[in-house]
Every structure is written in C-alpha cells, then in structure tokens.
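Subject: Structure handover and notes

Dear colleague,

I am passing on the structure we talked about, and my notes on it follow below. Please keep it open beside you while you read, so that you can look up each residue as it comes.

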Amino acid sequence: MPRNCWWSGLEAINGNLEDEANLYKALRAAKIESPRGPISMSPAQNVTQNIYLRKAEGGQNKVVEVAVEGLADPGTGCKLA
C-alpha cells in the first residue's frame, strides 16, 4: 500500500484517533512522494506541493520546470460569509 500523510499520521498515534494533537503533529511532519511530486502538510493542515510548468508536445504532457517549490495555502480562512 502506498504511504500517504494519513497513513503516516495513523501509524504515529497507533490508530488512536482520540490523540488529535499528535495526529496533526505527525501529519505536518510527513514527507510523501506522490504522483504530483513531493507533498507535505502546512501548519494549517493544507497540502504543500510544487507547481510545475508543463508543455503539451507530441501528444504528451511534459514537465518543463518547477515554477514554484513548496507552495501552500496560508490558511487565512474563508471570507465568503
């Protein structure tokens, strides 16, 4: 089974979902290699990931370069209300 942030978090708390503080601490510490590149969790529990510049060429989607490394939503909250 591929590892993901949640799996890392559950291992860290031995499956005890009542241990929220240590679950979130483990989620923020997890470093995962995913199909969209390396990801981790920000202090606001949002995914931190690279943003890639891509080019469609010859029927293929090719990565040209990393446009932004480790981009994360700052978690400032929703202003719609």
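Which residues does Ala 26 touch, not counting residues up to four places away in sequence? Before I answer, please bear in mind that this is a predicted model. With that said, Ala 26 touches Ser 8, Gly 9 and Ala 12 once those sequence neighbours are set aside.

Helix H2

Ala 26 has its place in helix H2, and it is buried, with a relative accessible area of 14%. This helix covers residues 20-29, and in it Leu 23 and Leu 27 are buried as well as Ala 26. If you look down the axis of H2, its buried residues fall within an arc of 100 degrees, so they line one face of the helix.

Another residue of helix H2 is Tyr 24, which is partly exposed, with a relative accessible area of 31%. Tyr 24 and Gln 45 are 21 residues apart in sequence, while in space the C-alpha to C-alpha distance between them is 7.6 Å.

In strand E3, which runs over residues 47-57, I would point you to Asn 50. Is Asn 50 buried or exposed? Its relative accessible area is 13%, and Asn 50 is therefore counted as buried, because the cut-off for that word is under 20%. The side chain of Asn 50 makes a polar contact with the side chain of Tyr 52, at 3.4 Å, and a polar atom of the Asn 50 side chain lies 2.9 Å from the backbone nitrogen of Gly 70. If neighbours within four places in sequence are left aside, Asn 50 is in contact with Pro 38, Val 66, Val 68, Glu 69 and Gly 70.

One of these contacts of Asn 50, Val 68, belongs to strand E4, made up of residues 60-72. Val 68 counts as partly exposed, at 35% relative accessibility, and together with Ile 51 and Leu 71 it forms a nonpolar patch on the surface, for which the accessible area comes to about 210 Å².

Salt bridges

How many salt bridges are there? The count comes to two. In one, the side chains of Lys 55 and Glu 57 meet, with 3.5 Å from N to O; in the other, Lys 62 pairs with Glu 57, and the closest N and O atoms are 3.5 Å apart. Lys 55, Glu 57 and Lys 62 are in this way linked in a network of salt bridges. As for their accessibility, Lys 55 counts as partly exposed at 45%, Glu 57 is partly exposed with a relative accessible area of 38%, and Lys 62 is partly exposed with a relative accessible area of 38%.

Note on methods: Residues are numbered from 1 along each chain as its sequence is written. This is a predicted model: local features need pLDDT of at least 70, side-chain atom pairs count only at pLDDT 80 or more; totals for chains, interfaces and linings use all residues. Side-chain values use heavy atoms; hydrogens and water are left out. Buried means under 20% relative accessible area, exposed over 50%, partly exposed in between (1.4 Å probe, protein chains only). Helices (H or I, at least four residues) and strands (E, at least two) are DSSP runs, numbered from the N terminus. The arc is that of the directions from the helix axis to the C-beta atoms. A polar contact is a pair of N or O atoms within 3.5 Å; within protein, one must be able to donate a hydrogen and the other to accept it, and residues adjacent in sequence count only if both atoms are side-chain atoms. Contact means heavy atoms within 4.5 Å. Patches are made of residues with over 30% relative accessible area and no salt bridge: like charges are joined within 9 Å, nonpolar side chains (Val, Leu, Ile, Met, Phe, Trp, Tyr) within 5 Å. Accessible areas come from the Shrake-Rupley method with a 1.4 Å probe; for residues, only the protein chains shown count as cover. A salt bridge is a side-chain nitrogen of Lys or Arg within 4 Å of a carboxyl oxygen of Asp or Glu.
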